[in-house]
Structure formats: structure tokens, C-alpha cells
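Q: I'd like to learn how to read a fold from its coordinates. Could you walk me through this one?

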Amino acid sequence: MQEMLRVEDLWLSLGEKQVLKGVNFSMNYGEIHVLFGPNGAGKTSLIMTMMGFPRYKVERGRIYFKGEDITDKDIYERARLGMGISFQRPPTVRGVTLRKFIEIISDGADREEIIGIAEKLNLLDHLDRGLNEGFSGGEMKRSELFQLMVQRPNLVFIDEPESGVDLENIALVGEAINTLLGKDKVKDPKRGAIIITHTGYILDYVNADKGYIIFDGRILCGGNPRDILSEVKKNGYRKCAVCR
Ligand SMILES: Nc1ncnc2c1ncn2[C@@H]1O[C@H](COP(=O)(O)OP(=O)(O)O)[C@@H](O)[C@H]1O
Ligand SMILES: [Mg+2]
């Protein structure tokens, strides 16, 4: 198993707040990792930092992707190297339709295939609306996955894919993530994902390899994602017995 991503002693502050306090972890190609943690723990900040958003300047520590030190690389360089992100709360872009946006980012992908993906994700009626304009929570999540599916990154960060999504559409979202990772066909060794979840519903659809709990800017423990989830459900985040 070859390593795809490694984070070493990552520290980050935003404003006055020390948000990440020495995060360490790594993942191999072909793996799906899941991040659990209470609100404000630093989950979103961690993936925004790995993706390289300018506001999330690394204070200390290194990030390696595909064997390269990317800590000082710009976000577009990381995207070119094969990282992609689905936001917890994506912005609305008035005046740019979902169709136009998909055309721009898909870079010559097959039109029929694109329409097929939109159909699968129940987004055909949304193609000619402004990007995320008036989209419901679930529609936004599906639109985010649509954008990733036409870009095909090797590593995707998916922030709370099930938030605001009704039960029926969670299955759709789960399928979309599996398609994105090539796991519905032959397991694709080149792809991987880091998924943030609160509810854990998504675990019913994607076959996650490892789970972590982030608490107050630190990774408390890692292990089998289902065991972690059931411990959290029983004892809350503070008393995560599996970490001992
Ligand atoms: N721009 C910012 N300035 C100051 N604090 C911030 C900023 N963005 C996020 N934070 C704080 O950082 C902490 C972690 O936030 P976040 O990464 O969004 O947590 P999570 O995704 O785990 O809920 C929170 O306390 C949040 O209020
Ligand atoms: Mg968050």
C-alpha cells in the first residue's frame, strides 16, 4: 500500500483562535477516511488547510501529497495535482448557471456523460439555474458532488455530505461518492477520500477504511469508523473509549 497523503504536526490559527494544534495522520491510495468531531473541533479547517485556501495558512507542520511537499503550494496547484473539495456551505454564484459552471470545470468531458451524471443526481432541472441559487441543502450537496464527478480528482475532501439531505437522497449522495471513488465498479487504487460526518449516515453507503475523532484541534484517536461511531453515540465525544 502506497501513501497518498501525510500530515505532520499541523498547526493553524484563524484570527485569535488556535484552531489546529498538531494534527498528524496519513492515508494510502484507495482508502476512505472519516473525520468525526463536535462542532467547532476544527474538521472543516483541517480540510480547507490541506486544500490550500489562502486564509488557512499553515503555522507549523508539513503536508505531503503523492510524495510531494505541498505545504507552500497554491490551491490551484493542489487542484492540478489531483485534490478536490466539496464544501460544507458552498457559495451561491448568481449569473453563472450550473450548466455553464460544469462546462467550464469539466474541460472537454463528454456532454452525454455529463447529462447522465446530472440525471443520476436528480439535477437536470437545476442545470439552468444560478449555481446554488435557491438550492436546498440536499440539492447543494448533490451539486457539489456533480462538480467533483466531472473533475475526477484523486483525493476528495467531502464536508458533511449528508447535512440537510433527506433520507431518500442520502442514498443518492452515497452512490455518487462511490462513483467518484470508482468503488461501485472495480476498486480504484488511485483514488481516496476524506469525509467529514456528524451523523455517520454516510457509513451505510460508503465503505470507509478508517475513522478519527477530532476534538479541540487535535486528533484524539483513530480506528474502525463503525466502532468509533457507536462509541460516540453511547458516550459522547469526550469519552471515546476506543481511543484508549
Ligand atoms: N475565520 C475565522 N476566524 C476565527 N475563528 C474561526 C474562523 N473560522 C473558523 N473559526 C473557528 O475555528 C474553530 C473550528 O471551526 P471549524 O473548522 O469550522 O470546525 P468544525 O468544522 O469541526 O465544526 C471554531 O471555533 C470556529 O469558530
Ligand atoms: Mg465544519
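Predicted model: local features only at pLDDT ≥ 70, side-chain atom pairs only at ≥ 80, totals over all residues.

Q: Which way does α4 pass α5, left-handed or right-handed?

A: The crossing of α4 over α5 is right-handed. Helices here are DSSP runs of H or I with at least four residues, strands are E runs of at least two, and both are numbered from the N terminus.

Q: What describes a pair of packed helices?

A: In general, you quote the angle between the axes and the distance between the axes. Axes are lines fitted to C-alpha atoms, for helices over the stretch in contact, and angles run from 0 to 180 degrees between N-to-C directions. For α4 and α5, the axes come within 10 Å and cross at roughly 150°. Angles under 35 degrees count as roughly parallel, over 145 as roughly antiparallel, 65 to 115 as roughly perpendicular and the rest as oblique. The pair α4 and α5 is therefore roughly antiparallel.

Q: Which residues of α4 and α5 make the contact?

A: Two residues are in contact if their C-beta atoms, placed from the backbone, lie within 7 Å. On the α4 side you'll find Ile114, Ile117 and Ala118, facing Phe146, Met149 and Val150 of α5. For classes, Ala, Val, Leu, Ile, Met, Phe, Trp, Tyr, Cys and Pro count as nonpolar, Asp, Glu, Lys and Arg as charged, and the others, Gly among them, as polar. The α4 contact with α5 then has six nonpolar, no polar and no charged residues.

Q: How does α3 pack on α5?

A: Helix α3 (residues 98-106) sits with its axis 9 Å from that of α5, at an angle of about 30°. That makes the two roughly parallel, and α3 passes α5 in a right-handed crossing. Leu98, Ile102, Ile105 and Ser106 of α3 meet Ser143, Phe146, Gln147, Val150 and Gln151 of α5. Sorted by class, that contact has five nonpolar, four polar and no charged residues.

Q: And at what angle do α5 and α6 cross?

A: Helix α5 (residues 137-151) and helix α6 (residues 167-180) cross at roughly 15°, their axes coming within 10 Å. They are therefore roughly parallel, and this crossing is left-handed. Gly138, Lys141, Arg142, Leu145, Leu148 and Met149 are the α5 residues in the contact, and the α6 residues include Asn169, Leu172 and Val173. Eight of the residues in the α5 contact with α6 are nonpolar, three polar and two charged.

Q: Is Met140 buried or exposed?

A: A residue is buried if 20 or more other C-beta atoms lie within 10 Å of its own, exposed if 12 or fewer, and partly exposed in between, with C-beta atoms placed from the backbone. Met140, in helix α5, has 24 other C-beta atoms within 10 Å, so it is buried. Leaving aside neighbours within four places in sequence, Met140 touches Pro90, Asn132 and Phe135.

Q: What should I look for in phi?

A: Most residues other than glycine have a negative phi. Here, Arg152 has a positive phi near 50°, and its place is the loop between α5 and β9 (155-159). Glu160 also has a positive phi near 50°, in the loop between β9 and α6. Arg152 is partly exposed, with 15 other C-beta atoms within 10 Å, whereas Glu160 is buried, with 22. Asn122, which follows α4, has a positive phi near 60°.

Q: What about the whole chain?

A: The protein chain has seven helices and 12 strands. The radius of gyration, taken over C-alpha atoms, is compared with a globule rule of 2.2 Å times the number of residues to the power 0.38. The chain's value is 17 Å, close to the 18 Å from the rule for 244 residues, so it is as compact as a globular protein of that length. Buried residues make up 39% of the 244 residues.

Conventions. Residues numbered from 1 in each chain as written. Chains lettered and ligands numbered in written order. Left-handed = near helix turned anticlockwise from the far one by under 90°.
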